[in-house]
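Q: I'm new to this one, and I'd like to walk through it with you piece by piece. Can you bring it up first?

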Amino acid sequence: MTTAGQLRVSARFADRQIDDLTVDLQRPSVARLFIGQLPDVVIKTVPYLFTLCSHAQRAAAQAAVNAALGETPRPPEQEALWLEVLHENLWRLLLDWPVAVGLPPAREAFIAWRALRQDAGCVAQTRDLIEQTLRPLVAACRERLAAATGDMAAITPAPDSRLDAEAWLAYWRGEFAEPPPLPVPASVLAAYLARQAEVEAAVTALADGLPFPIARAGSAGWGVGQTLTARGRLTHAVHVVEGRVARYRVQAPTDGFFADATALAALLANRRFVGLDQARQALEQAILALDPCLPYTLEVHDA
C-alpha cells in the first residue's frame, strides 16, 4: 500500500451484466500524526503529506483551523488553486480518458502546456489548448462514450460547486451519525462532460481573477474547512483543545465515492455487455469517472 492508500475493485461478469461488485478502500491513518500538534504546524505539514492537490489541501486545513480558532482567514493562493484544478482535469481529459475509450492521448500537447503553466501567458496558452486540442478530443470521446452507454447527455452539466461546511460541522460535533453525502454523477458521460466544464470555468476564473471557492464553519475549537478539487469536494475538520489538535479528519472525494460500491454500481446500473472485455472497459470508465486519488487494482471474473 502506498502512502495514499490502495483501492481494490472486484466484480463478476454473468448474464451480460456486472454482478457482485465490491470495493475495498484502504487508507493509512495520516491524520493521527496531527494529534497533539499546534494548529499552525498542521497547516504547514498538510501539503507535504498530501502531495496530490496540495494547494487545495492546505487551503482546506487553513480554513478549518481559522474557523476553530476564530481567526481572520488568510488570503489563499488563488492562482495556484485554479492552476491545480486545471492541471488535474487536463491530465484526465487529455491523457487518461482518450485511452479509456480507445483513442490516442494528446500527450505532447499536455506536456507542452504543463511546462509553461506558470508563465505569464498561461491563460492564453490554456485557451489555445482548449480550442485546438481539448474540444476536438472531447467531441470524439463523447461520441464513443455515448455510443457505448446510450447516454446522449445533450446538455453539458455545470461544474458542481456545492460546499456544505455548516452541515459537515454538525456531523463533526456529533449531531449526525453520518457526514453529508457527496453528489454522485448522473452517468459516466455526465462526469466526463463536467470535467470539460470545469476546465472552461477555471480558465475564465483565472483570467478574471475570481476567488477560489473555499468555505469554513465553526467556533470554540471546532472547525471545518472545505474547498474544491478536480475530483470534487475536499473537507478538513479539526477540534482544538487547549491550543493543541485533539481530533482531525480529512475527507477527500475518494473517501466518499469508494467507501462502498454504491456510487460505482449506480454508474453501471442497467448496463448490458456483449462480453467480458466490454464489461471490464465499462467498469474502468466508471472508476475513472469517480477518479480515485490513489492506485487501484481491478478484477473482473467471468462466471
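Predicted model: local features only at pLDDT ≥ 70, side-chain atom pairs only at ≥ 80, totals over all residues.

Q: Where does Ala60 lie, and what does Ala60 touch?
A: Ala60 lies in helix α2, and, if residues up to four places away in sequence are not counted, Ala60 touches Gly225, Thr227, Leu234 and His236.

Q: How far apart are Ala60 and Val46 in space?
A: Their C-alpha atoms are 9.7 Å apart, while in sequence the two residues are 14 residues apart.

Q: OK, sheets now. What is the strand order in the open sheet of four strands?
A: The order is β3-β4-β5-β6, and the pairing in this open sheet is antiparallel. The edge strands are β3, residues 214-219, and β6, residues 244-251, each of which pairs on one side only. From one strand to the next, the twist averages 15 degrees.

Q: Which helix packs on that sheet?
A: Helix α2, made of residues 54-69, packs on the sheet and touches β3, β4, β5 and β6, with a direction that makes about 155 degrees with that of β4.

Q: And how many bridges pair β3 with β4?
A: β3 and β4, the latter being residues 222-229, pair in the antiparallel sense over six bridges; the bridge partner of Ile214 in β4 is Thr227.

Q: What about the sheet of three strands, what order does that have?
A: That open sheet has the order β2-β1-β7, with mixed pairing. Strands β2 (17-26) and β7 (296-302) stand at the edges with a single partner strand each, so one side of each is left without a neighbour in the sheet. The twist here averages 15 degrees from one strand to the next.

Q: How do β1 and β2 run, parallel or antiparallel?
A: They run antiparallel, and eight bridges join β1, residues 6-14, to β2. Within this pairing, Ser10 stands opposite Thr22 in β2. Helix α10, residues 276-290, packs on the sheet and touches β1, β2 and β7, its direction making about 150 degrees with that of β7.

Q: Staying with α10, at what angle do α3 and α10 pack?
A: The angle is about 160 degrees, and their axes are 10 Å apart. Angles over 145 degrees count as roughly antiparallel, and α3 and α10 are therefore roughly antiparallel to each other. Their crossing is left-handed. The contact is made by Arg92, Asp96, Trp97 and Ala100 of α3, together with Gln281, Gln285, Leu288 and Ala289 of α10.

Terms used. Residues numbered from 1 in each chain as written. Heavy atoms only, no water. Pairing = 2+ DSSP bridges. Helix = DSSP H or I, 4+ residues; strand = E, 2+ residues; numbered from the N terminus. Axes fitted to C-alpha atoms, helices over the stretch in contact; angles between N-to-C directions. Contact = heavy atoms within 4.5 Å. Parallel < 35°, antiparallel > 145°, perpendicular 65-115°, else oblique. Left-handed = near helix turned anticlockwise from the far one by under 90°.
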